[in-house]
Structures are given as C-alpha cells and as structure tokens.
Amino acid sequence: QVQLVESGGGLVQAGGSLRLSCLASGRTSSRYAMGWFRQAPGKEREFVAAISWSGRSTYYADSVKGRFTCSRDNAKNTVYLQMNSLKPEDTAVYYCAAQYEGRPEVVFTSKGAYDYWGQGTQVTVSS
C-alpha cells in the first residue's frame, strides 16, 4: 500500500503561482509513475500532468502545457506540480496518483491506470 498526501493548495490571484507537493509513504519505492489530476465542481476528474518514475518523461494536458511543470525527488518520495500563470479556470481540487511501473519512461494519462490516490488539495484562482 502507498499513501499519498498533497499539500500546497490555496487561494491565489489570476497570473499567480503555486507549487503543489505530493508526499508518498508506506510501501514506497521510486518505481511509481505519478500523475496529477483535478476536479472542478460539477465536472469529471481530468488529467493534468504525469511523470515517469525516472523523472525523464513528462506529459501535460494541453490546457496546462507551458504553464505547469511536474517534477519529482525520489530521495524525498515527493512529486511536485509547479503552477504558473494561473487562470480562474484552473480552480479545482488537485489530486496526485501513483501506479507501480518498472519501465523508467512510461507515463499514464488515464485516471483508471492509477491504483493509489491522495485526498486532494484545493486550488482557487480569483479573477
């Protein structure tokens, strides 16, 4: 079992930045592909970003490409989502997810591919 805890959410004005963190604990190893998803009220949970366990591969939703950066520090069992140039439409609860994957370059963009989820952190962007 892997437990994931997100932090770093909050209220920010449009154009501002936030950095989310996701700390993994429990049966951890570095060989977990990680993903970030978000869910706005009344909407489906959607893919935001993903990173392979090696950190060498990343993938982003078109809506955040060029504004968000996903990275990881395997020594700290932590994945980050740096969010810049935030827009009101980025307002949502952000979730991190983990899936064991031995291949170092593989990422997953489907929420169904992930076995482990955090509880989420709220991000609110005011206009």
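**Strands, core and ring pairs in a predicted model**

L18 has M83 in β8 as its bridge partner. This is a predicted model, where local features need pLDDT of at least 70 and side-chain atom pairs count only at pLDDT 80 or more, while totals for chains, interfaces and linings use all residues. Residues are numbered from 1 along each chain as its sequence is written, and side-chain values use heavy atoms, leaving out hydrogens and water.

Terms first. Strands are DSSP runs of E, at least two residues, numbered from the N terminus. Two strands pair if DSSP finds at least two bridges between them.

Back to the strands. β3 and β8 run antiparallel and are joined by six bridges. They belong to an open sheet of four strands, ordered β1-β3-β8-β7, with antiparallel pairing. β1 and β7 are the edge strands, each pairing on one side only. From one strand to the next, the twist averages 15°. For angles, axes are lines fitted to C-alpha atoms, and values run from 0 to 180 degrees between N-to-C directions.

Next, β4 and β5. They pair in the antiparallel sense over five bridges. R38 has E46 in β5 as its bridge partner. The two strands form a hairpin with six residues between them, and G42 in the turn has a positive phi of about 75°. β5 also pairs with β6, residues 58-60, through three antiparallel bridges.

How many residues of β5 are buried? Five of its six. Buried means under 20% relative accessible area, exposed over 50%, partly exposed in between, with a 1.4 Å probe and protein chains only.

Now the core. A nonpolar core is a set of buried Ala, Val, Leu, Ile, Met, Phe, Trp, Tyr and Cys residues joined through side-chain atoms within 4.5 Å. The largest one has 37 residues; L4, W36, L81, M83 and Y94 touch the most other members. Strands that each supply at least two residues include β1 (2-7), β4 (32-39) and β9 (92-100). Take L4. Beyond its neighbours within four places in sequence, its contacts include C22, M34, C96 and W117. Contact means heavy atoms within 4.5 Å.

On to the rings. There are eight aromatic pairs. Rings of Phe, Tyr and Trp (its six-membered ring) pair if their centres lie within 6.5 Å; planes under 30 degrees apart count as stacked, over 60 as edge-to-face, the rest as tilted. Why is the pair of Y32 and Y116 edge-to-face? Because the planes stand at 75°, with the ring centres 6.3 Å apart. Y32 is in β4 and Y116 in β10, 84 residues apart. Both Y32 and Y116 are buried. F47 and Y59 form a tilted pair, 6.1 Å centre to centre, with 35° between the planes. F47 is buried at 14% relative accessible area, whereas Y59 is partly exposed at 45%. Ring pairs also gather F37, F47, Y59, F108, Y114 and W117 into a cluster.

Last, a loop residue. E101 sits between β9 and β10 (116-117). It is buried, at 9% relative accessible area. Its side chain makes a polar contact of 2.6 Å with that of R103. A polar contact is a pair of N or O atoms within 3.5 Å; within protein, one must be able to donate a hydrogen and the other to accept it, and residues adjacent in sequence count only if both atoms are side-chain atoms. Leaving aside neighbours within four places in sequence, E101 also contacts residues including Y32, W53 and F108.
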